[in-house]
Amino acid sequence: MDYGKKGVRKKKKLLNSATKKIGTKAGVTAFKILLICVVTFIVGGSCVVLGMVKGIIDTAPEITTIDVSPSGYATKIYDNGGGEVQSLVASGSNRVSKNIDEIPLILQHAFVAIEDERFYEHNGIDIKGIFRAASIAVTSLDFSEGASTITQQLLKNNVFNAYNESTAEKFKRKIQEQYLAIKLETYMDKDMILQNYLNSINLGNGYLGVEAAANGYFNKDVSELTISESAVIASITQNPTGYNPVKHAEDNQKRQTKVLSNMLAQGYITQEQFDEAIADDVYSRIQDIHQEDSSTYSYFTDELINQLTDDLVSQKGYTEAQASNLIYKGGLSIYSTQDSTMQDIANSVVNDPSRYPVSTQFSISYALSVKNAEGQITNYSQQTLQKYFQTTGGQANFMLTYTNEEKARADVAEYQAAVVGEGDTIVGEPSLSLTLQPQISFTLMDQHTGFVKVIIGGRGEKTGSRTLNRATGTSRQPGSAMKPIAVYGPALDMNAITLATPIDDAPYYYSGAEAQLVTDYDKKYLGLTTVRDAIAWSRNVPAVKVLTSITPQVGFNYALKFGLSTLISQKNAINGYSDVVQSLALGGITKGVTNIDMTAAYAAIANKGTYTKPIYYTQVYDHDGNLLLDNTVPETHEVLKETSAWLLNEAMQSVVTDPQGTGKAAKLSNQPVSGKSGTTNFDGDKWFCAFTPYYTASIWIGYDDNSKLPSTTEYSHVAIWQAIMSQIHADLPTGTYEQPKGIVQLQVCSQSGKLAVPGLCDSDPRGSKIITEYFAEDNQPTETCDVHKRITICNVSEQIASPYCTSTTTKVVIKKATANVLNPTDAAKYTVLDEDKAYCVTDAFLSALCTIHNKAATTPAATQPATTAATTAATTAATTAATTAATTAATKKPVTR
Ligand SMILES: [Zn+2]
Ligand SMILES: [Zn+2]
């Protein structure tokens, strides 16, 4: 054959000439063949599909009424010693079944309107809905429109508790679900289906069923729900966490509006009812009070359930509803990391009244629904009570924090009497609960394993399950506790500073248009301060200066690596505000941080720079004893080099050991303690985050409403931390931190951070400035001190002496760049105590000689001493100073002494 170019060209030509003729004929034939193929494929395919579907249907579970009604096994939680700490049950506290007659129509319709609008017409599956979802998926590639009917959802939640569902299994389940939905509708009426559905759905906060949700969110019986309240509850189903009306009120509200619009469009409510429901400020009275129950879950269990739900969804592909069903009804055995002994110690210290002022403070939570003669219901809460006393009551500063329970109850009674008028009836029980203030949170974890041992989400009696958890669910401003995470850890890690680097604690302004002054609680500036001292004494200017030098973005990136999950990046800025700002150095951030995140971040410092994701359980077994989840190998990543973490740890020990350290009260008799305090601007939050060689723990104290805390002497959170940790460590041998390779110890000058010059750095008028400090080998100083200068000044002019000055004094000073100064407004406001000032000179001062005793002004008689002077130390010093070669001269040979 001819494979040459010529041959190919010839063939092409031949083909082209024949194309048209053959094309028509071949096209018809090809079409016929294609048609036959398609028909064969469809018929054959359909047979295969039908066969498959038949097989799937044949293996579908047999269902009975019992299958779809709420039931299940209790789940047990064991502590790290194997003792049972909690039993999770589906019935009782979080599930109360109601007959369909007791569930108001308006609530039934709210669910139908949002979840399955053709519920009353279809036979179990919604063909119209399926086509609609498919066409939306095809045209807009949006696959979010589900077509799962209420009947299907009921089956999915109650019959198919499938673990580890693969795509094939999911496909199989969907087919079975549709088949069973049709079958179920043949022998169960719509009301019974809806009743079972409404009694078993997950409505967030651990509430299963509408009665539990009505109780939990509105403190009333399901029969008393209003239209707006019904719509809130119906909104939750699709995503019980995302639409939780307590934690995500805004998102729930968006969906609630959709529910109400659907109800209006589908004719369940009138325009008037719609408008009224939209206008109702339902979220202000939503509460999170659970019915009193002997099996109230601990804060630890609450968080464990959150983690387990997340893991079942992310690792096992469950929906939240399935995960929730499994947790409450699946009969699981959960091995938690909680240490009951430690938890008990922490509980008793935190709840010891002697640690708080004698006059107990508490905030009130109040809910009242009143029905008037026309049947309209109005709701009242502590917010409306506060407004009443502030306006009608004429007490502009009326606060909801009380010290006297009788007074609180009297106020509530007075308010109640004022709002319940003639012919009004109170719906349900008015509720009043008292919460101790200020509140507290405490978490403790083992930095080596990531095992969380203790969680305290508040003090006082915990009256409900899945309630506000201040340790894991509340973000508060961290203040200076942020410094090691966003400033000093990163700067040490980047070799941008050493522990001996002197930072000038002097008036300093944030950059930008606002240019606010960086201040400290004592309104003082200490002058040159080493990084170690700046950490121990929690100085603000050095922290802001160091963050500025490494850039806020770098500090922010490190904070993310430290696991802080509530930070706001520039991309996700809220109203233009992100946490990539200079004030990040002082913990001035958008949302704040959670206690557990702080503990995990500090644990990374304790654990040689390696972060370990906190875990709450090690293993979970299913009802048949199969291992469902294994958490024993923790997720870790490096944040800091081992040497940087060790150096930071060193400095953080000074916070506790330094006589002026801010964490002195945390000292333990048998363990080194490394930590950092944190207090926010307006004393709204106080933190202490610290670790020993064994455990890392953080404590936070503050008012739930962000009020200012009284003075530290009244509330010593550091002392509470110490009291818990001293008991936990009582029988543990003294721990140590192994010094890693690559650390050196040197004598340096604290004013320059450079190698000390004997005879000069130790001759500082305030005492020797030579210190011994640790350095990373690759970041150790190699130059000698260039800050200390020995100078001779003229006693007449107080300038650097010239050879003609007759009366001079020699002294050691420090050379500082032009000091930062206050602007005039601030100068009037702040007294700056510049501790360096008397000992500082500038380059300009050093380069100018005495202007009084120059040659021209000198009498002939005076030239003689000048010659003598030239051989003296004075001249040498003055000359060297003027030529800025002082360092070399001083290093080689101290001039005097
Ligand atoms: Zn020096
Ligand atoms: Zn002079």
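Predicted model: local features only at pLDDT ≥ 70, side-chain atom pairs only at ≥ 80, totals over all residues.
Trainee: In which sense do strand 8 and strand 9 pair, and over how many bridges?

Mentor: Strand 8 covers residues 439–446. One bridge joins methionine 445 to its partner valine 452 in strand 9. The sense of the pairing is antiparallel, and the number of bridges is 4.

Trainee: Which residue takes a positive phi in the hairpin of strand 8 and strand 9?

Mentor: The hairpin has 5 residues between the strands. The phi in question is near 80°, and the residue is glycine 450.

Trainee: Why is strand 9 largely enclosed by the rest of the structure?

Mentor: Buried means under 20% relative accessible area. Strand 9 spans residues 452–456, and it is largely enclosed because the buried ones number 5 of the 5.

Trainee: Are the rings of phenylalanine 362 and tyrosine 402 stacked or edge-to-face?

Mentor: Planes under 30 degrees apart count as stacked, over 60 as edge-to-face. For phenylalanine 362 and tyrosine 402 the ring centres are 6.4 Å apart and the planes stand at 20°, so the pair is stacked.

Trainee: And how are the rings of tyrosine 380 and tyrosine 415 arranged?

Mentor: Tyrosine 380 is in strand 5 and tyrosine 415 is in helix 16, so this pair ties together parts 35 residues apart in sequence. Tyrosine 380 and tyrosine 415 are both buried. Their ring centres lie 6.0 Å apart with planes at 85°, so the pair is edge-to-face.

Trainee: What is the geometry of the site of the zinc ion (ligand 2)?

Mentor: The protein donors are Cys794 (SG), Cys805 (SG), Cys850 (SG) and His853 (ND1), at 2.1 to 2.3 Å from the zinc ion. Four donors count as tetrahedral if all angles lie between 85 and 135 degrees. The angles among the 4 donor atoms are 104 to 122°, and the site is tetrahedral.

Trainee: How many residues apart are cysteine 805 and cysteine 850?

Mentor: Cysteine 805 sits in the loop between strand 21 and strand 22, while cysteine 850 sits in the loop between helix 25 and helix 26. Cysteine 805 counts as buried at 8% relative accessibility, and cysteine 850 counts as buried at 4%. The pair links distant parts of the chain, and the separation is 45 residues.

Definitions and conventions. Residues numbered from 1 in each chain as written. Chains lettered and ligands numbered in written order. Heavy atoms only, no water. Donors = N, O, S within 2.8 Å, 3.2 Å for Na, K, Ca; no water. Tetrahedral: all angles 85-135°; square planar, octahedral: opposite > 155°, others 65-115°. Helix = DSSP H or I, 4+ residues; strand = E, 2+ residues; numbered from the N terminus. Buried < 20%, exposed > 50% of the residue type's maximum accessible area, 1.4 Å probe, protein only. Pairing = 2+ DSSP bridges. Phe/Tyr/Trp six-rings, centres within 6.5 Å; stacked < 30°, edge-to-face > 60°.
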